[in-house]
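Me: Could you walk me through this protein step by step? I'm new to reading structures.

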Amino acid sequence: ESWPVDLPGLTERALRNLRRRARRARDYDLVREPIGGFPTVAFQSRDGWASTVVLLPDAIERLFGRDPALFIAPSRDLLVRLPHDVDLAFATWLAEEFEADDPNALRLEGFEWRDGRVRCRPLLRDAVAV
């Protein structure tokens, strides 16, 4: 409340800063490696902000392409692209595996990328095995 800026101004400034950082991200910051038979692409900024790329559709498209995908963001500096039709149990398992190694894990839901838009996609967190 004591900052001389309102919430919309703060949001605009934060997104502008993020866009500036995201423009510096390049293809060589991406690791393309299959995991569990699924093609994955992982991005790390090496500066602690990779997960926030889900806030910038233009950065997602530039880094990962236009094809539909499911993203997981298990930590501040990791964003993983999975195929759009990946099994949610696998996506949940992968997110939880990464989170188990990070004491500050984000434990977020997934993010669906389709038609230039990002939407939350619930993972199967705490699902009871049948």
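Here are some questions and answers on this predicted model.

Me: In what pattern do the helices and strands follow one another along the sequence?
Reply: Let's begin with the parts: the protein chain has three helices and six strands. Reading along the sequence gives their order, which is α-β-β-α-β-β-α-β-β.

Me: What radius of gyration does the protein chain have, and how does that fit with a compact globule?
Reply: Along the principal axes, the C-alpha atoms fill a box of roughly 55 × 30 × 30 Å. For 130 residues, a compact globule would have a radius of gyration near 14 Å. The protein chain agrees with that, with a value of 15 Å.

Me: How far apart are the end C-alpha atoms of helix 1?
Reply: Helix 1 covers residues 7-24, which makes 18 residues. At 1.5 Å a residue, the helix should span 26 Å. The model agrees, because the end C-alpha atoms are apart by 26 Å.

Me: Which element gives the most residues to the lining of the largest cavity?
Reply: The largest cavity holds about 30 Å³ of space. Its lining has six nonpolar and three charged residues, but no polar ones. Both helix 3 (88-100) and strand 3 (69-75) supply at least two residues of this lining. With three residues, the one that gives the most is strand 3.

How values were computed:
Residues are numbered from 1 along each chain as its sequence is written. This is a predicted model: local features need pLDDT of at least 70, side-chain atom pairs count only at pLDDT 80 or more; totals for chains, interfaces and linings use all residues. Side-chain values use heavy atoms; hydrogens and water are left out. On a 1 Å grid over the protein atoms alone, a cavity is a set of points where a 1.4 Å probe fits but cannot get out, and a pocket is an open set with protein on both sides within 12 Å along at least five of seven lines; lining residues have an atom within 4 Å of a point. Grid points are joined across faces, edges and corners, and a volume is the space filled by probe spheres set on the points. Helices (H or I, at least four residues) and strands (E, at least two) are DSSP runs, numbered from the N terminus. Ala, Val, Leu, Ile, Met, Phe, Trp, Tyr, Cys and Pro count as nonpolar, Asp, Glu, Lys and Arg as charged, and the others, Gly among them, as polar. The expected span of a helix is 1.5 Å times one less than its number of residues. The radius of gyration is taken over C-alpha atoms; the globule rule is 2.2 Å times the number of residues to the power 0.38.
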